[in-house]
Amino acid sequence: MEQAEGTKTIEASAADIMEVLADFQAYPDWTDVKKTEVVKTDKQDRATELFYEVSQFGITAKYTLAYAYTPNDGGMTWTTKSVDEGPIKNIEGEYVLEELDEDETEVTYRMTLDLKTKLPGIIMKRGEKMIIRNALDGLKKRVEEG
């Protein structure tokens with residue numbers, strides 16, 4: 001299992017960041033995700049199961065993740081519900097949001113990825129950097145630029 005982790009400060013409230021994170025339909029606009037589809041929602045109409053189609057390095061993966069939300073806009077976690085296609089066996093991750101003040105939030109992103117086949121270390125490192133960049137830099141840009 002490979003783990004990627006990074007932290008970035010975003011000039012926004014935790015509530016504003018959670019609004020962007022929970023807008024899964026917009027992920028193709030700011031991430032490498034090609035397609036998302038909400039499978040199941042909770043009583044607050046938040047996605048609790050979400051289908052993804054992702055393509056990186058010419059490899060396509062299709063999978064469904066189960067989501068749980070941290071109270072008080074504290075972030076969210078995800079785990080693999082199913083894998084339909086591609087090299088992924090399991091994905092677990094989280095966004096942790098810690099408000100520094102009303103207009104500044106520290107966002108930590110963690111993801112553990114378990115693949116069906118072992119990839120060379122250099123490819124895994126490049127993939128990790130790309131995942132973190134998309135998860136944090138893409139989020140920062142989306143939140144701060146609207």
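Reply: Accessible areas here come from the Shrake-Rupley method with a 1.4 Å probe, and for residues only the protein chains shown count as cover. By that method the chain exposes about 8,200 Å², of which carbon and sulfur atoms supply 45%. This is a predicted model, in which local features need pLDDT of at least 70 and side-chain atom pairs count only at pLDDT 80 or more, while totals for chains, interfaces and linings use all residues. Residues are numbered from 1 along each chain as its sequence is written, and side-chain values use heavy atoms, with hydrogens and water left out.

The part to look at is T108, which lies in strand β7, residues 104-115. Helices (H or I, at least four residues) and strands (E, at least two) are DSSP runs, numbered from the N terminus. The chain has seven strands and three helices, and along the sequence they follow the pattern β-α-α-β-β-β-β-β-β-α.

T108 counts as buried because its relative accessibility is 9%; buried means under 20% relative accessible area, exposed over 50%, and partly exposed in between (1.4 Å probe, protein chains only). Across the chain, buried residues make up 41% of the 146 residues.

What does T108 touch? Not counting residues up to four places away in sequence, T108 touches E5, G6 and T7, and also E94, Y95 and V96. A contact means heavy atoms within 4.5 Å. With T7 there is also a polar contact of 3.1 Å between the two side chains. A polar contact is a pair of N or O atoms within 3.5 Å; within protein, one must be able to donate a hydrogen and the other to accept it, and residues adjacent in sequence count only if both atoms are side-chain atoms.

In the chain, of the contacts with a separation of 6 or more, 49% are between residues 24 or more positions apart.

As for overall dimensions, the C-alpha trace spans about 45 × 35 × 25 Å along its principal axes. The radius of gyration of the chain is 15 Å, which agrees with the value near 15 Å for a compact globule of 146 residues. That radius is taken over C-alpha atoms, and the globule rule is 2.2 Å times the number of residues to the power 0.38.
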